[in-house]
Amino acid sequence: MPTNSQVAFKRELLNTDNNQTTTATLQDNLVNLVDLALLLKQAHWNVVGTNFRSLHLQLDAIIETVRAGSDDIAERIATLGIAADGRSQTVARNSHLHEYPEGMLSVEETVQHVADELHATVTELRNAIQRLGELDPISEDLCIGICASLEKHLWMLQAQEKSN
Ligand SMILES: [Fe+2]
């Protein structure tokens with residue numbers, strides 16, 4: 001019996017069990033991405049220090065990728081007949097990310113915190129990719145594309161960290 005969180009489309013794409021696990025996996029990653037986009041704006045506004053401007057602008061470029069990724073994942077969930085849940089309360093309750101520190105942060109601290117949370121996000125996406133391989137290759141492919149873009153951003157952040 002469909003609830004208002006699902007639509008029983010006439011033409012199903014996946015069997016019921018696979019559909020449920022696939023959309024739950026996508027939903028887990030949706031909240032991470034919504035949280036990450038908010039966290040990145042917080043970092044964008046509050047970074048201070050020498051050469052802050054390049055990181056300030058770099059963070060906006062990452063946000064663009066993250067927002068596009070969250071939109072694609074939410075719309076994949078909807079395509080599978082389930083309501084995507086990107087409400088702030090749901091995000092706060094279910095996100096795997098840590099709370100971002102309050103106040104102004106130096107360039108070095110900002111890079112470290114953002115890189116840690118980006119890493120947490122791609123780790124969850126990689127776990128999802130493993131599970132989705134068996135369930136739905138289209139959702140798997142979507143997550144692979146998003147993960148690849150985020151890992152490239154992670155590289156560009158990590159390359160700024162001092163190695164000693
Ligand atoms: Fe801005």
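**Ground rules.** I am working on a predicted model, where local features need pLDDT of at least 70, side-chain atom pairs count only at pLDDT 80 or more, and totals for chains, interfaces and linings use all residues. Residues are numbered from 1 along each chain as its sequence is written.

**Overview.** I noted five helices and two strands, in the order α-β-α-α-β-α-α along the sequence. Helices (H or I, at least four residues) and strands (E, at least two) are DSSP runs, numbered from the N terminus. The C-alpha trace spans about 60 × 30 × 20 Å along its principal axes. I then looked up burial: 32% of the 164 residues count as buried. Buried means 20 or more other C-beta atoms within 10 Å of the residue's own, exposed means 12 or fewer, and partly exposed is in between, with C-beta atoms placed from the backbone. Among contacts between residues at least 6 apart in sequence, 79% join residues at least 24 apart; a contact is a pair of C-beta atoms, placed from the backbone, within 7 Å.

**Helix 4 with helix 5.** Helix 4 covers residues 107-135 and helix 5 covers 137-158; they pack at an angle of about 160°, with axes 9 Å apart. Axes are lines fitted to C-alpha atoms, for helices over the stretch in contact, and angles run from 0 to 180 degrees between N-to-C directions. Under 35 degrees is roughly parallel, over 145 roughly antiparallel, 65 to 115 roughly perpendicular and the rest oblique. By class, I find 16 nonpolar, six polar and three charged residues in the contact of helix 4 with helix 5. Here Ala, Val, Leu, Ile, Met, Phe, Trp, Tyr, Cys and Pro count as nonpolar, Asp, Glu, Lys and Arg as charged, and the others, Gly among them, as polar.

**Helix 1 with helix 4.** The axes of this pair come within 10 Å and cross at roughly 170°, so helix 1 and helix 4 are roughly antiparallel as well. Among the residues that meet are Asn18, Leu36 and Leu40 in helix 1 and Thr110, Leu125 and Leu132 in helix 4. The contact of helix 1 with helix 4 divides into 10 nonpolar, nine polar and four charged residues.

**The core.** The largest nonpolar core has 36 residues, and those with the most contacts inside it are Leu30, Leu40, Ile77, Leu125, Cys143 and Cys147. Such a core is a set of buried Ala, Val, Leu, Ile, Met, Phe, Trp, Tyr and Cys residues joined through C-beta atoms within 7 Å. Helix 1 (16-46), helix 2 (52-79), helix 4 and helix 5 each supply at least two of its residues.

**Two single residues.** Is Val111 buried or exposed? Val111, found in helix 4, is buried, because 22 other C-beta atoms lie within 10 Å. Beyond residues up to four places away in sequence, Val111 touches Leu55, Leu157, Gln160 and Glu161. Asn51 sits in the loop between strand 1 (47-48) and helix 2. Asn51 is exposed, with 10 other C-beta atoms within 10 Å, and has a positive phi of about 60° although it is not a glycine.

How values were computed
Contact = placed C-beta atoms within 7 Å.
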